[in-house]
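Work through each task before reading its solution.

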Amino acid sequence: MDLDIYRNFLAIVEAGSFTGAADFVHIAQPALSKQLRNLENFFGTKLIITQRGSRQLLLTEAGRAVYQKAKYMCSLEDLAKSEIENIVGGVIGTLRFSIANSRSPLFIESSLKDFCQLYPNIKCELFEASIGEQSQQLLNGITELGILSVPITHQDSFEVLFRRREELAAVFHKESVFLEPEAKGIFLKQLDAVPVSLSAGSAEIFLKACEEAHVSPRVTCISTTRSTALEWTRVKAAIAIVPVEPKESLGETFVIKPIIDLETDIHKTVVKVKDRPLSVAAQHFLRFYARTRGSQQVCNLEELLKREAI
C-alpha cells in the first residue's frame, strides 16, 4: 500500500472531515474518498463511519488500529529522511519530546539551552501532556523521547534510559502565615488542618501518607500541573505539595522544605519506545544528557547507541 494513502488517511482523521483533509493535502475530495474505500477494501472492514445527520467522522476499532500504525509507519519514513539529511548535511533535524505538564522550564534551563547552543541546526519541539497522552504520543511516533515525572502507562512498551530522583516537598510563599521559613524541614503533623494544593501526579502518595499518619490537611485544590499547584502558593492561599529535584530553585518568592517523615520513591525518567530506532539528533542528545545532568543511567547507553548505528 502506498504510504501516501496512509498519510491521507491520517489527514482525514485529524481534520475531522473529507473537506478539511482535501484542503490540507491538496487532493480533490472524491479522490480522497476513493482512497479510503480502497484502504477499507484492503483491510476488509470499515475504518471510518459518519454519524447520520452529522458531518462528524468516527473511527471504528479497526480504524483506530490503522491510525496508530499509520502514524508509526509515516514517522519511520520521516525519520529515514531526517537520517539522510543528517548524513549529507551534518547534525540537523527536529527532536520531539513528550514532557510532563509544567516541567518544560526546568528542562530548558538544565538541558535544552546548552544542547541547542552546541547543535544549533537541531530544532526541538516540546509536547506538554498528561502521562496518558505522553504514552500515546510516543507510541504513535509523534515524539521520540519522553521526559516523565510519573510511571508511564504500557510500561512493557518502553525502555527507561535515565532516572533522576525527586522528592515531595512543601512549597510556600516566603511571607506565608502557615509555616516558618527558617526550619530545615517540616513534619506531616505540621500540615494538619492546613490548606494544601496538590499536583495530580503525586496527590495519591501524599494523601495516603497523611492517612497513615492520622493527619488531615485541608485540600484546597488538586491540579493537573505543578505550576497550577504552585499558583495557590504564589497567592498565599495554600501550601503546595509537589515533586522537586534536589537543589531545584523555584524562584525567590518560594520556600522549599522537605517533608522529613514522608518517604517516597519518585523519579523523573527519560524513556524511548522499545526496539524503535533513534534519530541521529536523539543519539546526540542522549550522549549530551549523560555528560551534563548526572542522572542515573538505567541502560547501557553506549551499547544502545552502538545498536542504533548497525
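**Exercise 1.** Which element gives the most to the lining of the second largest pocket, and with how many residues?

Solution. The model is predicted, so local features need pLDDT of at least 70 and side-chain atom pairs count only at pLDDT 80 or more, while totals for chains, interfaces and linings use all residues. Residues are numbered from 1 along each chain as its sequence is written, and side-chain values use heavy atoms, with hydrogens and water left out.

Step 1. On a 1 Å grid over the protein atoms alone, a pocket is an open set of points with protein on both sides within 12 Å along at least five of seven lines; a cavity is a set where a 1.4 Å probe fits but cannot get out; lining residues have an atom within 4 Å of a point. Points are joined across faces, edges and corners, and a volume is the space filled by probe spheres set on them. Helices (H or I, at least four residues) and strands (E, at least two) are DSSP runs, numbered from the N terminus.

Step 2. Take the pocket. The second largest pocket has a volume of about 680 Å³ and a lining of 32 residues, with Ser 75, Asp 78, Arg 96, Gly 141 and Ile 142 nearest its centre. Two or more lining residues come from each of helix 1 (3-15), helix 2 (18-25), helix 4 (61-89), strand 3 (93-100), strand 4 (122-129) and strand 11 (266-273). Helix 4 gives the most, nine residues.

Step 3. Sort the lining by class (Ala, Val, Leu, Ile, Met, Phe, Trp, Tyr, Cys and Pro are nonpolar; Asp, Glu, Lys and Arg charged; the others, Gly among them, polar). The pocket lining has 13 nonpolar, eight polar and eleven charged residues.

**Exercise 2.** At what angle do helix 1 and helix 2 pack, and which residues make the contact?

Solution. Step 1. Axes are lines fitted to C-alpha atoms, for helices over the stretch in contact, and angles run from 0 to 180 degrees between N-to-C directions. Helix 1 and helix 2 pack at about 130 degrees, with axes 8 Å apart.

Step 1. Angles under 35 degrees count as roughly parallel, over 145 as roughly antiparallel, 65 to 115 as roughly perpendicular and the rest as oblique. Helix 1 and helix 2 are therefore oblique to each other.

Step 2. Contact means heavy atoms within 4.5 Å. Helix 1 supplies Asn 8, Ala 11, Ile 12 and Ala 15, and helix 2 supplies Phe 18, Gly 20, Ala 21, Phe 24 and Val 25. Seven of these contact residues are nonpolar, two polar and none charged.

**Exercise 3.** Which residues line the largest cavity, and which elements give two or more of them?

Solution. Step 1. The whole structure holds one cavity of 30 Å³ or more, and the largest cavity has about 40 Å³ of space.

Step 1. Its lining is Ile 5, Asn 8, Phe 9, Ile 12, Leu 32, Gln 35, Leu 36 and Leu 39. Helix 1 and helix 3 are the elements that give two or more residues. Six of the lining residues are nonpolar, two polar and none charged.

Step 2. Turn to the packing of this pair. Helix 1 and helix 3 (residues 29-43) pack at about 110 degrees, with axes 10 Å apart, and are therefore roughly perpendicular to each other. Ile 5, Tyr 6, Asn 8, Phe 9 and Ile 12 of helix 1 meet Leu 32, Gln 35, Leu 36, Leu 39, Phe 42 and Phe 43 of helix 3.
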